[in-house]
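Trainee: I would like to go through this model term by term. Please set each value against its cut-off.

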Amino acid sequence: MIDALAGSGTGEAGTLTASDLLAALRERRATENRAAADQLDLAARWADLHPPESIHSAAAFEVRGTEHEEPIAGDGCPLVAEFCVAELGTVLGISTTAAKKL
């Protein structure tokens with residue numbers, strides 16, 4: 001593990017100080033937080049692209065197993081097309097429930 005850190009330009013394995021390790025951890029956490037913020041922004045944009053109006057049904061009645069509008073949060077939150085949540089989860093490698101919470 002320390003050798004992996006040494007290979008990333010943070011110093012030789014034997015010369016890593018406590019300060020070096022904490023700085024590396026802080027850097028990685030900042031990178032992780034930026035990536036999470038970017039992911040949240042992209043997920044919101046994905047939801048915006050899939051309002052219930054984006055569902056194109058050939059039939060005028062609801063057929064079991066077809067796409068419908070899906071609430072993704074509480075009162076006042078816009079609805080989305082149900083299948084966009086599953087698609088998001090698939091791309092992120094998470095469950096549909098986790099994608100819905102995102």
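Mentor: Start with burial. Buried residues make up 16% of the 102 residues in the protein. Buried means under 20% relative accessible area, exposed over 50%, and partly exposed in between, with a 1.4 Å probe and protein chains only. This is a predicted model: local features need pLDDT of at least 70, side-chain atom pairs count only at pLDDT 80 or more, and totals for chains, interfaces and linings use all residues. Residues are numbered from 1 along each chain as its sequence is written, and side-chain values use heavy atoms, with hydrogens and water left out.

Trainee: What makes up the protein, in helices and strands?

Mentor: It has 4 helices and 2 strands. From the N terminus the order is α-α-β-β-α-α. Helices (H or I, at least four residues) and strands (E, at least two) are DSSP runs, numbered from the N terminus.

Trainee: How do you know what span to expect of helix 2?

Mentor: The expected span is 1.5 Å times one less than the number of residues. Helix 2 covers residues 18-48, which is 31 residues. Its first and last C-alpha atoms are 45 Å apart, close to the 45 Å expected. Ala 24, Ala 43 and Ala 47 are buried in this helix.

Trainee: Why is the pair Arg 29 and Glu 32 called a salt bridge?

Mentor: The term needs a side-chain nitrogen of Lys or Arg within 4 Å of a carboxyl oxygen of Asp or Glu. The closest N and O atoms of Arg 29 and Glu 32 are 3.8 Å apart, so the pair qualifies. The two are 3 residues apart in helix 2, about one helical turn. Glu 32 has a relative accessible area of 47%, so it is partly exposed.

Trainee: How many salt bridges are there in the whole structure?

Mentor: The search finds 2. Asp 41 and Arg 45 also form one, with the closest N and O atoms 2.9 Å apart. They sit 4 residues apart in helix 2, again about one helical turn. An α-helix has 3.6 residues a turn, so residues three or four places apart point the same way.

Trainee: What makes Asp 41 partly exposed and Arg 45 exposed?

Mentor: Asp 41 has a relative accessible area of 37%, so it is partly exposed. Arg 45 is at 52%, so it counts as exposed.

Trainee: Why are helix 2 and helix 3 called roughly antiparallel?

Mentor: Angles under 35 degrees count as roughly parallel, over 145 as roughly antiparallel, 65 to 115 as roughly perpendicular and the rest as oblique. Axes are lines fitted to C-alpha atoms, for helices over the stretch in contact, and angles run from 0 to 180 degrees between N-to-C directions. The axes of helix 2 and helix 3 (residues 82-92) cross at roughly 150° and come within 11 Å. The pair is therefore roughly antiparallel. Gln 39, Ala 43 and Trp 46 of helix 2 meet Cys 84, Glu 87, Leu 88 and Leu 92 of helix 3. Contact means heavy atoms within 4.5 Å.

Trainee: Why is His 50 called buried?

Mentor: Its relative accessible area is 16%, so His 50 is buried. His 50 lies in the loop between helix 2 and strand 1 (69-71). Leaving out residues up to four places away in sequence, His 50 touches Leu 79, Val 80, Ala 81 and Cys 84.

Trainee: And what makes Pro 51 partly exposed?

Mentor: Pro 51 has a relative accessible area of 26%, so it is partly exposed. Pro 51 and Val 80 are 29 residues apart in sequence, yet 4.4 Å apart C-alpha to C-alpha.
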